[in-house]
Each structure stands twice: as C-alpha cells, then as structure tokens.
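Student: I've got a model open and I'd like to learn how the labels get attached to it. Can we go through some of them?

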Amino acid sequence: MKLITQPIAAVIGLALAATALTACSEDVGGGGGGDAADAADAAACAPEDVTLVGQVRNESNPYEASWLDGGDAFAEQVGLTQDRLTYDGDSTRQQEQISQLLAGNTDCLVMNILPNGDSDTPPIVEGAQEAGAYLVTQWNKPADLTVTDYDQWLSHLTYDGVDSGQQIGDALAESIGGSGGIIALQGILDTGAAKDRFAGLEASLEANPDVELLDQQTANFSRAEALEVTKTLLTKHGDDVKGIWAANDDMALGALEALEQAGRTDVAVVGIDAVPDALTAIEDGTMTATVSSDGPWQGGIGLAIGYCVATGELALDDIADEDRAWFAEQFLITSDNVADFTSPSVEESEFECGNLFSRSQGAIS
C-alpha cells in the first residue's frame, strides 16, 4: 500500500464510501445490541447534523495544507463540508478560535486539531470535555496528559519522532560517507515532534561517531526562517558543512534555497513530511531523504474517528486504550523508493468505522 502524499487533487480521488461508514456498526462494538449499544444509539447524531472542523497552523506549509485537503475529501465523501481553520502559529489565536467554536452548538461538533505546542493541548481538551464536543488531537500533548481520563477526547495520534529523526540522520550520515560536519534545523521547541526528532538525531550521531554536529538552531518549521538560518550557518561554518538535518521538509526546502544561492550543491539535505516539493527534490537528486507522515490521511482519519463516534457507529468503549494515544505508520523515502510515493493510493477500508486504527504502530508509552 502507498501513502497519500499529494494535496487535494490527489486526495479527492480517495474512494471513501459514505455507505461504508454508515454500515460499519455491524463490524464494531458489542454486536449484541445491549444497553451500551442502546445508549449509543440514543445519543447518536444524524450524519447531516455533524459539524467537521480541521485546524492547523497555516496553509503556507504544504504538509498542513494537505492535512486540510484530506479533511475536505473525507467530508465530501460523507456529504458534509469541513470548516478549515488556521491560526498562523499563534497559540492565543488558536485558543480564541476554539473558544468560539465551543461557545456555539457542540452536540455534534467534531474537531481534528493540531495544537500549536504541548502546553496548548490541556485547555483544548478541557474545553472540549466541558462543552461535549468530540475531539481528536495530533502531534502535540504533554507526556503526563492522559487521553483515557476524558470522555470527549477520543484519540491522540502522532509519529515516533525519535525513530524518524534517527532515520533521516542515518540517511544523512550515509550520504556524506559516514564522516563530516552537519548542521541541524530544529522545529518549534515546545512541541513533542521537535523534541523527539532532535533526540533521534542525537541517537544517529551516537551511532555515527565520525559525523560532527557543527551547530543547531530552531527555524520553527518555517521555510522562510530556515532560509535565513541556513545562510547564517553556512557563513559561519563554510566548507565544513557537508550535510543539513531538518526537522521537517519545509525547513529542508528553505535550506536547499540557501544552498542554491550559495552555490553549494555538494551539501546533502534531509527532512520529514514527504511534501510534494520534497519528493520532487529527491527525484531530481537535490535532496537526500524524507519521512512520510501523510498529511492528507491525518486530515481524514481524525475526522473519521470523531464522525464514527458522533453518529453512534462506534462507541467510545469500543476504542481500545492503546488506540486512544498511538503512533501511526511512517516510511523513509529516498531515491530508491520515491516513485512509490509520487503516485499515491489508499484503501477505502482504512476509513471504515471498524478499521480506523489500521495504521497503528502501537500505543504511545
């Protein structure tokens, strides 16, 4: 199976059948129509009454734009529309948007949310719990905030950032022949993704002792910031820079632009997210590797989980504890396999109510 990595033009082709979602109650749950099932039926929303909301930082980031595109595609398949919200990386604005949502009719509200940072997640969760909205979060949450302590917080999914950070670190080390200096571009520091990915780089450096980390700075997951930071670090370290490790593709693409301006085509660059421009760069040999975290699938699956619970097709008690907070599948992409990800497809069964967690790689410990 190939993962979705393209924006809406490709995502809209997903054959997600609305009938599969409405029929899946026979495949999940107690199966006997007991008291729990009766209670779920009594509380179920009519499909047309469900409100679907996806919220990310901004659409200038191609990965986050593809997340919202995937949410649009899912919504269309169930005869609804998705409200697309962006908050430009401003935590205050994010909280204000969510507060406004939760001040309205929340009985059938489904939210698929990318919290700006770990510290932004608790008030979102508490607000949804109090208002009775259905919430799925992705990427960022404090380690000590437990999903199973809440009824309205249905699920939290993320990716093993340590693993992805180490995968691209090892690919970078291999591409520079196992030795030489590299620089690292970190993401937003108050996020689990940035912390874990950098920990993965540190593990890679330990496994490749002849690779030296010359410098590291945050560029906040931003292409524009990465361009400027990379220019500065190239000036500072010059020809000692043999590779650039970036905590996402947007920063990797900013680094590539800085390298092009400096005439440094000899520097290897790696990132994470498998956005279309990064895949093109890997195809043409200007970028070394990325890791797929499949934004369109994330945009669809978060809404699908909430939709299935809101409509009574899936009961909260039917979601296993290990699927309340879980790692999703990811893949290292290099020149050897990039063609598999530029013509993506997805099985419609992944979005059926009885198969929502098919990409789970296990519980977040």
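Student: What makes Phe 341 count as buried?

Tutor: Buried means under 20% relative accessible area, exposed means over 50%, and partly exposed is in between (1.4 Å probe, protein chains only). Phe 341 has 7% relative accessibility, so it counts as buried. By the way, this is a predicted model: local features need pLDDT of at least 70, side-chain atom pairs count only at pLDDT 80 or more, and totals for chains, interfaces and linings use all residues. Residues are numbered from 1 along each chain as its sequence is written, and side-chain values use heavy atoms, with hydrogens and water left out.

Student: And why is Phe 331 called partly exposed?

Tutor: Its relative accessible area is 28%, so Phe 331 is partly exposed.

Student: What makes Phe 331 and Phe 341 a tilted pair?

Tutor: Rings of Phe, Tyr and Trp (its six-membered ring) pair if their centres lie within 6.5 Å; planes under 30 degrees apart count as stacked, over 60 as edge-to-face and the rest as tilted. For Phe 331 and Phe 341 the centres are 6.2 Å apart and the planes make 50°, which gives a tilted pair.

Student: Which parts does that pair tie together?

Tutor: Phe 331 sits in strand E12 (residues 331-333) and Phe 341 in helix H13 (residues 339-342), so the pair links parts ten residues apart in sequence. Helices (H or I, at least four residues) and strands (E, at least two) are DSSP runs, numbered from the N terminus.

Student: How many aromatic pairs are there?

Tutor: The structure holds nine.

Student: Why is the pair of Tyr 63 and Trp 67 called edge-to-face?

Tutor: The ring centres of Tyr 63 and Trp 67 are 6.5 Å apart with the planes at 85°, so the pair is edge-to-face. Both residues lie in helix H4 (residues 62-77), four residues apart, about one turn of the helix. Tyr 63 and Trp 67 are both buried.

Student: Which residues form an aromatic cluster?

Tutor: Phe 74, Tyr 307 and Phe 351 form one.

Student: How do you know how far to trust the model?

Tutor: Look at pLDDT, the predictor's confidence in each residue, from 0 to 100. The chain averages 88, and 87% of the residues score at least 70. Over residues 1-40, though, pLDDT stays under 50. Where pLDDT is low, the predicted coordinates should not be read in detail.

Technical notes:
Contact = heavy atoms within 4.5 Å.
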